[in-house]
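Visitor: I would be grateful for a close look at a single part of this structure, the surroundings of the ligand. Please describe them in one connected account.

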Amino acid sequence: MKLEWPELHEGTQRFLADQEFAIPTPVQNVVIPYVVNSTSVSVESETGSGKTLSFLIPLIELLHKQKTLTGLLSLIVLPTRDLAIQVHSVLVSLLAYHPDLSATPLLVLGADHSQDKAIDRWAKDPSAPAVIVGTPGRLHSDLMSRLKMEHTLPIALKGFQYLILDECDRLLTYGGVQSHKAMAMDMSQQVREIVGLLPKQRVTGMFSATAPPPDVVDLVLGSEGRTRATIRLTREDGPLPSALENKYIVVDHRYKVVRLLGLIRRAAVRGDKAIVFVNQRKMIRYLEQCLTHPSIAQFYSAKGSGRPDPTLQFIHGKFKQGERHAVIESFSQSGSGAKVLVASDVVARGIDFTDVTTVIQFDPPTQKETFIHRVGRSGRAGRAGENITLVDPATADAYLAYLTQTEHVTLQPLEQADEWWPVDTKGTILTPEVPLTEDDYDLKHRLAKTVGKAIKEAKTVKRQKDKGVRVKEKEAAAVQAKVDVLVAKETALKEKHSQARNHPVMEAIRSIARSDRDFYDIQSEAFKMYLSGYTHHFLGYIFEKNKLDIGGVATGMGMIALPHRLDEYKTTYVWFVKESMNVGEIPYLDPGKEKARLEKVTEAKQRRAEQEAAKKKAEAERLKAVKTKREDRKVQRGQTMSKEDLDDLMDDYKSLKRAKKEKKR
Ligand SMILES: Nc1ncnc2c1ncn2[C@@H]1O[C@H](COP(=O)(O)OP(=O)(O)OP(=O)(O)O)[C@@H](O)[C@H]1O
């Protein structure tokens with residue numbers, strides 16, 4: 001396939017020359033001519049392949065073709081604000097080369113009011129030519145509803161030409177994860193309603209690295225009588241760019257954080273730019289507290305390599321838009337030394353970070369398509385890149401097999417993995433002393449099933465013996481021997497498990513937890529969320545809740561105690577060494593917070609003491625009242641006998657005597 005730019009407007013040619021884009025990418029090569037000729041397209045093309053310009057360049061060409069530009073000319077819908085900002089900025093740069101096009105590029109985003117005035121101005125006069133880039137929520141419930149309510153939609157849509165749905169599968173379907181379902185269903189409904197309002201005579205472009213199902217495409221593009229093309233430009237042998245290397249490391253939950261420090265050190269030593277994808281934002285908060293702590297930062301230092309220590313940044317969906325934008329901008333800039341961004345999936349799709357060399361998946365993604373999008377943050381536009389996915393021994397085989405068979409992505413073990421552990425201040429590599437093997441893990445699960453059963457069996461035999469039931473001695477001894485063997489194995493394995501605690505990184509994390517209440521709270525929250533989030537996985541048959549090594553997760557996070565409420569997980573075999581300290585006594589480092597906490601503790605103690613004293617007093621009064629009542633009754637009873645009953649008794653006695661005398665006579 002010969003790659004050359006088609007005949008484009010002179011402004012676009014200058015833009016491409018300035019960007020030094022000598023030839024189009026394959027997707028641009030195919031898509032641009034279709035759209036310029038008013039053919040709707042559904043495009044599936046790998047991450048980083050240049051889809052953005054494949055829809056923006058023809059937009060400009062279409063605008064040039066139009067005689068008069070009026071109202072909303074094109075609508076570009078994207079699933080996240082960051083992505084919308086990015087696409088809007090490319091559009092603005094491109095339009096700058098076309099001063100003769102009088103279309104205003106507007107950005108319509110939820111929780112961003114910087115463009116409110118411009119949007120308001122346009123909504124008041126929607127015949128003004130505009131191209132709108134936005135996210136579904138704000139477009140649907142703000143802009144479109146307003147135009148509908150003010151009956152100006154027909155004016156606004158008079159000159160409408162081109163609808164673009166980028167990351168269309170995310171916009172129109174949900175990823176199959178329950179926790180996100182409600183939100184994503186909402187988004188797809190909003191998008192469908194927006195599409196329903198637009199003129200049927202239009203060009204539509206649907207773009208993603210992971211196409212939605214054909215019925216969803218039909219719904220948007222129309223199945224019959226429309227000029228449309230389905231373009232699939234992914235490689236035959238897999239959906240990922242060929243320059244991407246895909247690797248994995250098997251790591252027990254106990255060593256997951258330790259291993260992450262090792263991989264950050266690897267990035268530092270090599271001067272990489274890496275993104276670490278983590279499933280939950282609370283875990284990101286925990287990692288932020290943990291990794292940026294001075295006692296932990298030493299473990300991933302690049303000391304001795306001649307390179308500076310890495311810069312760490314963090315991002316998740318709860319960051320304010322301004323902060324999010326600042327992090328994305330600063331991470332995108334190149335600089336000396338390694339950069340590591342610990343991120344949630346908020347930046348998994350579409351964000352065009354420059355020169356990301358490595359993607360580390362701390363957790364396997366919970367949504368099907370996310371793997372491809374996460375990995376696609378590196379190896380963009382033909383550059384080299386690598387993906388390192390962390391898998392735990394219990395799920396490794398099944399997960400890797402799933403990736404190969406269903407996603408057509410085969411991961412290779414990370415070479416020289418033994419080197420990539422944290423270091424101490426002298427530069428010595430802190431390899432775990434007792435790495436747990438897959439066999440250990442299997443054994444643990446077998447023991448979980450057999451030890452309890454064997455102990456129960458032995459108890460039944462003992463009970464029968466105690467009752468005098470005759471039990472064959474040989475059989476009883478065999479049952480006991482079985483118990484002894486299993487318990488010995490269990491003890492040895494437990495010992496091996498608990499030895500993981502001795503790793504200096506874990507000791508350092510526990511030491512923070514013992515002395516910093518904020519850290520302890522964040523850590524406990526992250527742990528709880530990790531457990532509940534573990535089940536919200538589209539591969540629930542691989543990531544089974546009752547097989548999760550809870551004790552391992554807690555140990556690996558450097559926890560000193562397990563949160564109380566783990567009832568839900570009682571089926572799991574939890575091996576965890578709890579520290580003897582009373583966690584209620586962990587202080588806040590912030591003097592103000594600690595003072596307030598101590599005051600609260602004192603108040604609570606005082607309140608408890610007062611309540612106790614009041615209770616005692618009430619009890620004493622009650623007892624006293626009961627005693628008095630009893631004594632009163634006794635006295636009362638005594639008085640009645642002497643006054644009335646004794647007289648009666650005497651009378652009875654006298655009359656009896658009299659009667660006897662008379663009888664004798
Ligand atoms: N013709 C070209 N030649 C060289 N680089 C290009 C060309 N077109 C685009 N690029 C660059 O390629 C990078 C990736 O482009 P883009 O963000 O459009 O990818 P994408 O296919 O949308 O990726 P994703 O699926 O992750 O959203 C960008 O940095 C862009 O500037």
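**The ligand and its surroundings**

Guide: In this predicted model, a polar side-chain atom of R377 lies 2.8 Å from an oxygen atom of the ligand. Taken alone, the ligand exposes 640 Å², of which the protein buries 85%.

The shell around the ligand holds 20 residues, among which G48, K51, T52, D352 and R380 come nearest. By class, the shell divides into six nonpolar, eight polar and six charged residues. Helix 3, residues 51-65, supplies the largest share of this shell, with three residues.

To complete the account, one may turn to another residue, E386, which belongs to strand 13, residues 385-391. E386 has a relative accessible area of 5% and therefore counts as buried, the limit being under 20%. The side chain of E386 makes polar contacts with the side chain of K247 at 3.0 Å and with the side chain of T358 at 3.1 Å. Beyond its neighbours within four places in sequence, E386 is in contact with residues including R266, R270, D272 and S378.

As for the cysteines, C168 is buried at 1% relative accessibility, and C290 is buried at 0%. A search of the whole structure finds zero disulfides.

How values were computed: Residues numbered from 1 in each chain as written. Predicted model: local features only at pLDDT ≥ 70, side-chain atom pairs only at ≥ 80, totals over all residues. Heavy atoms only, no water. Helix = DSSP H or I, 4+ residues; strand = E, 2+ residues; numbered from the N terminus. Buried < 20%, exposed > 50% of the residue type's maximum accessible area, 1.4 Å probe, protein only. Polar contact = N/O pair within 3.5 Å; in protein donor to acceptor, adjacent residues only side chain to side chain. Contact = heavy atoms within 4.5 Å. Disulfide = S-S within 2.5 Å. Near = heavy atom within 4 Å. Areas by Shrake-Rupley, 256 points an atom, 1.4 Å probe, with all protein chains shown as cover. Nonpolar A, V, L, I, M, F, W, Y, C, P; charged D, E, K, R; others polar.
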